[in-house]
Amino acid sequence: MVTVPDDSLEPHIFTARHIGDEYNGIRREFRRAVAIAGAQHIGYYDRGLPTVAADLLAHPVLTENFRGARTVERARRDYETIGRQLNHRMTELNAALFGVGGGRLIRTVFAAPDRAVLYFDVDEGQYIVGVSLTAQALEAADLALSAAAARIRTARGLADPNYGGYHQGGYYQPPAEPLATGAVDARLRDAAGDAAGGEVGGESGGEPGGSAGGEAHVFASLPRPSVPVFASPWATLIHRRWSPLRDGREELFQAQAVNILQPADLQYIALVREGRVSAADVLDHSDLNEFFVGPGRTARRDAIEQVGAEFLVLSDLLDGLLRSVLNRRLTRTVLDVEKGALYFHRISRDEVLLGVTVDQRRVADADRRFQLLVHRFTAARGE
C-alpha cells in the first residue's frame, strides 16, 4: 500500500478565458487555502459567473466520493452549478433576513454531518464558494476561507467584516471551547477587572467594574466571578415565549435556556416545530443596549421568530440545490450577517433548533455554544 501525503498533489486550477492578470491574487489565495484537511474545492464567482477555481478532488484520499458515474469531472461541473445558483439564493436569503436588522449576509455554512458548502461575500456581486467533503475538515475549511476572503478584501482597501467572528488578536483563529454552565466569560471578566484597576470588585476604591474615571465599563453589569458555575446569574432576565403546544418536549427545551443563554455570545434560542415557535432570550440585558439602537428588542424578536417559522421551507429548497454535494439532508445552517449570526440545526423534517447572536465579534463563540445546546437537547431524547 502506497501512502500519498496530503500536500503532495498539485491543485487543479481552473481559470475562465475572459480573465487576466487582475485575478493573480485570487489564484495565489486559492493555492494557499485549498487543502485535503480543509476546503477541497474552492471557486470564485462574479455575479454568478465562474472565474477561478482550485481543487484537490483527484487526491486518493477522496476516492470514496467519486465512483461510477460520479466522476471528479462530474463533481466539478456540479460544484460550478451550485456556485452559479447561490448568486440567486443569497439574494433571496438577504431579503428574508432584512427585518432581523443584521445587515447583509457575509458568510453561510450549509452542512450535513460529514460535508458542507460554504459561501463568503467578498465584493459587490463577487463571492467564494468552498466545498468540504469530510467532517474533520469543515472547521479548517471555514477558518481558511474566512481568512482568504478577508485578505482579498484587504488587498482592495476594503474593511475586514470579521467572517465568522474568527478575527481575534490580530489574525484569524478558532474560538475557545464553551465555558461551564453559568460561568462568566473570562475575557469579559478580565476586561471589567482591568477597568476597575486590576481587580473585579477589588480594593480599587470605586464601584466594581468602574473605571478610574468613574465611568462604568461596558460589561460592568455582568456577574462577578464569585457566582457559582452551576448558577445562571441572568436567569431572572430570560424572556420566554411558549408555543401553543407547551408539551414535555417544549418544557425540556425551555429548561435548557438557563444553562445555555449568555449575554456575551448566544443571546437567543428557539425550538420550531411545524412553524410553531418556542423561544427564550436574554436580549433585555443592559449590556446589549448598543445593539438595539434602531430596531428595538420587540421588533427583532418578531423578525427572528418569523425567519425561524419559515426556515423549514427554505431548508427544503436548499436541500434540492445542494443534493449533489451533501447527498443527504441539510442538518446545519449558519447565516452570518454583518452584525451577528443565525444558527439552525434541523432535528427532523418538521423540527429545527435556532440560535442567534447580535455581536459579530462573538459569532464563532456563539456557534460553539449553540452546538452545545444541540448536543444536550438531542441527547436528552436519545437521538
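Visitor: Hi! In which sense do β12 and β13 pair, and over how many bridges?

Guide: Hello! In this predicted model, β12 and β13 pair in the antiparallel sense, with six bridges between the two strands. They form a hairpin, and two residues sit between the strands.

Visitor: Nice. Which residue of β13 stands opposite Asp336?

Guide: That one is Ala341.

Visitor: And is β12 mostly covered or mostly open?

Guide: It is mostly covered: six of its six residues are buried. Arg332, Val334 and Asp336 point one way from β12, while Thr333, Leu335 and Val337 point the other way.

Visitor: Which other strand does β4 pair with?

Guide: β4 also pairs with β5, which covers residues 115–123, in the antiparallel sense over six bridges. Those two strands make a hairpin with two residues between them. Arg107 has Phe120 as its bridge partner in β5.

Visitor: How many residues of β4 are buried?

Guide: Eight of its eight residues, 105–112, are buried, so to speak a mostly covered strand.

Visitor: Switching topic: how much space lies in the largest pocket?

Guide: The largest pocket holds about 500 Å³ of space. Its lining is made by 20 residues, and those nearest its centre are Leu138, Glu139, Arg332, Asp367 and Gln371. The elements that give two or more residues to this lining are β4, α3 and α7.

Visitor: What classes of residue are in that lining?

Guide: There are ten nonpolar, three polar and seven charged residues in the lining of the largest pocket.

Visitor: Let's look at Asp367. Where is its place?

Guide: Asp367 is in helix α7.

Visitor: Is Asp367 buried or exposed, and why do you call it that?

Guide: Asp367 counts as buried because its relative accessible area is 8%, and the cut-off for buried is under 20%. Leaving aside neighbours within four places in sequence, Asp367 is in contact with Arg332, Val334 and Tyr343.

Visitor: OK, how about cavities? How many of 30 Å³ or more does the structure hold?

Guide: It holds three of them. The second largest cavity has a volume of about 50 Å³. Residues that line it include Val100, Arg300, Val337, Ala341 and Val358. The elements giving two or more residues to that lining are α6, β13 and β14.

Visitor: Which element gives the most there?

Guide: β13 does, with three residues. By class, the lining of this second largest cavity has seven nonpolar, three polar and two charged residues.

Visitor: Now the core. How many residues are in the largest nonpolar core?

Guide: It has 107 residues. Tyr44, Leu86, Ile128, Tyr268, Ile269, Leu342 and Leu353 touch the most other members. Helix α6, residues 297–326, gives the largest share of this core, eleven residues.

Visitor: Why do nonpolar side chains end up together?

Guide: In soluble globular proteins, nonpolar side chains tend to be buried together.

Visitor: Can we zoom in on Leu353? What is it in contact with?

Guide: Leaving aside neighbours within four places in sequence, its contacts include Phe253, Ala270, Leu271, Tyr343, Ile347, Phe370 and Phe377.

Visitor: Last bit, the whole chain. How many helices and strands does it have?

Guide: The secondary structure comes to seven helices and 14 strands. The chain has 383 residues, and buried residues make up 52% of them.

Visitor: And what share of the contacts is between residues 24 or more positions apart?

Guide: Among contacts with a separation of 6 or more, such pairs account for 60%.

Definitions and conventions:
Residues are numbered from 1 along each chain as its sequence is written. This is a predicted model: local features need pLDDT of at least 70, side-chain atom pairs count only at pLDDT 80 or more; totals for chains, interfaces and linings use all residues. Side-chain values use heavy atoms; hydrogens and water are left out. Buried means under 20% relative accessible area, exposed over 50%, partly exposed in between (1.4 Å probe, protein chains only). Helices (H or I, at least four residues) and strands (E, at least two) are DSSP runs, numbered from the N terminus. Two strands pair if DSSP finds at least two bridges between them. On a 1 Å grid over the protein atoms alone, a cavity is a set of points where a 1.4 Å probe fits but cannot get out, and a pocket is an open set with protein on both sides within 12 Å along at least five of seven lines; lining residues have an atom within 4 Å of a point. Grid points are joined across faces, edges and corners, and a volume is the space filled by probe spheres set on the points. Ala, Val, Leu, Ile, Met, Phe, Trp, Tyr, Cys and Pro count as nonpolar, Asp, Glu, Lys and Arg as charged, and the others, Gly among them, as polar. A nonpolar core is a set of buried Ala, Val, Leu, Ile, Met, Phe, Trp, Tyr and Cys residues joined through side-chain atoms within 4.5 Å. Contact means heavy atoms within 4.5 Å.
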